[in-house]
Amino acid sequence: MDAILLAVYILLFPGFLFLLAYAFFFQFLDRKISARMQNRVGPPFLQPFADFVKMLGKEVIDVKGMDRKAFDAAPILALAAVMTAFLYVPIVGNSPLAFQGDLILVLYLLTLPTIVLFLLGWLSRNVFATIGGVRAVTQMFIYEVPFFLALLTPALMAGSWSITDIVAWQQSHLWLAVLQPIGFVVALIGLQAKLERTPFDIPEAETEIVAGPWTELTGRRLALMHLTLDVSMVVGSALVAALFLGGPLVPWTITPDWLSWIVGFALFFVKTLGVLLVLASIKVATGRIRIDQLNDVGWKYLATAAIVQVMIVLLMNYWWVSA
Amino acid sequence: MAEVVVPIGPHHPALKEPVNFKVVADGETIVRLELDVSYNHRGIEKAAEQRDFVRVVPLLERVCGICSHSHTTVFVKGIEEAMKLQLPPRAQYIRTIVAELERMHSHFLWLGVAAHEIGFNTLFMWTWRDREAVQDMLEEMTGNRVNYGINEVGGVRRDLTTDQIQAALKRLPHLEDRIAKYVDMVNHEQTMMIRFRGVGKLSRVDALKLGAVGPTARASGVDYDIRKDDPYIAYADVPWKVVTDTHGDVYGRTLVRIGELQESLQIVRHCLENLPAGPIKVTSPRAAPKGEVLSRYEAPRGELVHFIRTNNTDKVERLDIRTPTLANWTSVAVSLVHQNLADIPVVVAAIDPCLSCTSRITIVNERGRKTGELTWDELSAHGRAFYRNGRRA
């Protein structure tokens, strides 16, 4: 792929510009779906974008004695990390940037927003923000291990550390959601926890600690952090769609190229929306659990389930895939 | 983490009215907490002494936004007792219907708030939608959704027509379905159960010792309901039972309130179907003879007490209001210690606190070691100075 096409891929479609638009669209859909389930009207189509623009223009309030440079830089770092992660996930076809090990890179880039939230909470010099930040990392230690295990087992089965290769493997075999149902469920729950959505919105529980690490965020900092979470949701759904639902590829070859891109994009669209629907349903169907209860659930059941899935995959590799 | 002081209030998203908890927490565990109430004193008791019996009723209706009918009923009931009036049964029944509808919309509201405190916003939205149906019924009967204005000394101000009764009866089956749905949800929704069970425990002994009232006490197994123990208006004529539970935690309080929703609905249905014919009021004298009355009433939140002293005039000489929230506060402070920080909102919400109704004022003269009261003029002068200076005058 030549330089101009690569630049178009990264900056326009399906890179950053598309990603931002899709993130706003995702937020709209998430809010609209939850609202309809809760018997509310929900926001109009452009509301997420309008909110973003409005917040960009609002006054930025500095807390007395805070480290201003770090506080400004943290949301930008988080946003940059998740946007970079998106480039390695197949959208219309294979990602041109794919390399062996991009799965690991994407997982770690997705972890950055949580660390940034902790950092923001710590830098805020506010008791609610500090408690929220501590809760955010505590929660991360609980869900991160099962989540990583669940997302790495597809690599074990496909025998490659590249997301693109795993998608290609599913093209000639079955969807990994069928082959690894336990891992798929753990991945969805882990994604919900990573995005800090109910029942895992413990770090930002508004009735307990106001807004947690978000409490002292104002203006463009708040706008960027909200955008970061929206982008994380897109990247997370796209990642789950790629690793477990076969990504944008179909088992047979489509010619010409432009038609296969359209089909690929349509598949990406439908599959990410499916993941979003599941995440939104979990959100409206549950209340928030406590951090000690999450600890129980996470280590007793989620981690066990993920390890069992790894074991099953290793056995399957031995008898079935290699045979 | 070391011990930190978490200020919850006077302004906090979990609170709908101002109160202040200084929570000392060790990590996520509560070590102790200090309670500071009375941020919103309105001088209603004093204002009530300035108004005659006709004009005092609308004022008392505004003591509480939810229990508006409770405060007027308990007051007119006391005055009628002082005047030795016999009320026509139709008036008693209409008061009972409005009282039980009020209890229903209050409990629906509570269920939504409790769900919201644990982040379960779907139930919050659903119960508040169903609460609209109750408020629509109240609006059709009385003309208002919140302050019904149905009571006056000597009876009620509006009669119910046959059409109104039929319309109200038609709405009840839908509400019955919804309540059944919530019973199902409370018993089967996992996140609700793990957040409610074993949280905010209050034993029967503690409930009695701390003087808890209403659903808070009944959830700890205390069979105490003024409607049964000291029946007033039409409760003696209606078949119903007191709902109690032995869990003693937030889960028990939820079960009691949902059980009361079902009971209230049956009381409303019985009263609507068996509404006696006759007048809706008797003529009352202008003044009440000298005397003291302690009027008790089972408000949605618990026992509400009005102490009324009359003085051969058309005004009360002294009105003392003891709201159920005041009786329940101490039980909250006790049941919160050693709980999780995350449980504060739901344990506080579990007594269904109504904070502004609870604010009272006593003037303490430290040097003379005496307590006293203010006159109406002194109080209003104090209020004006307070807000003009923006600080405690």
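In the predicted model, the axes of helix H2 (residues 16–37) and helix H11 (residues 219–244) of chain A come within 8 Å and cross at roughly 90 degrees, where axes are lines fitted to C-alpha atoms, for helices over the stretch in contact, and angles run from 0 to 180 degrees between N-to-C directions. H2(A) and H11(A) are therefore roughly perpendicular to each other, a label applied to angles of 65 to 115 degrees. Helices (H or I, at least four residues) and strands (E, at least two) are DSSP runs, numbered from the N terminus. From H2(A), the residues A:Leu19, A:Tyr22, A:Ala23, A:Phe24, A:Phe26 and A:Gln27 meet A:Leu227, A:Asp230, A:Val231, A:Met233 and A:Val234 of H11(A), two residues being in contact if their C-beta atoms, placed from the backbone, lie within 7 Å. The residues of this contact comprise nine nonpolar, one polar and one charged, with Ala, Val, Leu, Ile, Met, Phe, Trp, Tyr, Cys and Pro counted as nonpolar, Asp, Glu, Lys and Arg as charged, and the others, Gly among them, as polar.

Residues are numbered from 1 along each chain as its sequence is written, while chains are lettered from A and ligands numbered from 1 in the order in which they are written. Because the model is predicted, local features need pLDDT of at least 70 and side-chain atom pairs count only at pLDDT 80 or more, whereas totals for chains, interfaces and linings use all residues.

Both H2 and H11 of chain A, together with helix H5 (102–123), are included in what covers the buried residues of helix H4 of chain A. H4(A) (residues 68–86) has 19 residues and reaches 29 Å from its first C-alpha to its last, close to the 27 Å expected at 1.5 Å a residue, the expected span being 1.5 Å times one less than the number of residues. Among the buried residues of H4(A) are A:Ala74, A:Pro75, A:Leu79, A:Met83 and A:Phe86; a residue is buried if 20 or more other C-beta atoms lie within 10 Å of its own, exposed if 12 or fewer, and partly exposed in between.

The loop between helix H9 (181–194) and helix H10 (206–209) of chain A holds A:Ala205, and also A:Glu196 and A:Pro199. A:Glu196 has a positive phi of about 55 degrees although it is not a glycine, and counts as buried with 25 C-beta neighbours inside 10 Å. A cis peptide bond, with omega about 5 degrees, joins A:Thr198 and A:Pro199. Most residues other than glycine have a negative phi, and most peptide bonds are trans. A:Ala205 is buried, with 28 other C-beta atoms within 10 Å, and, leaving aside its neighbours within four places in sequence, is in contact with A:Gly212, A:Arg288, B:Gly119 and B:Ala342.

Between the chains, 27 residues of chain B are in contact with 24 residues of chain A.

Seven bridges join strand E2 (residues 20–26) of chain B to E3(B).

Definitions and conventions. Angles under 35 degrees count as roughly parallel, over 145 as roughly antiparallel, 65 to 115 as roughly perpendicular and the rest as oblique. Two strands pair if DSSP finds at least two bridges between them.
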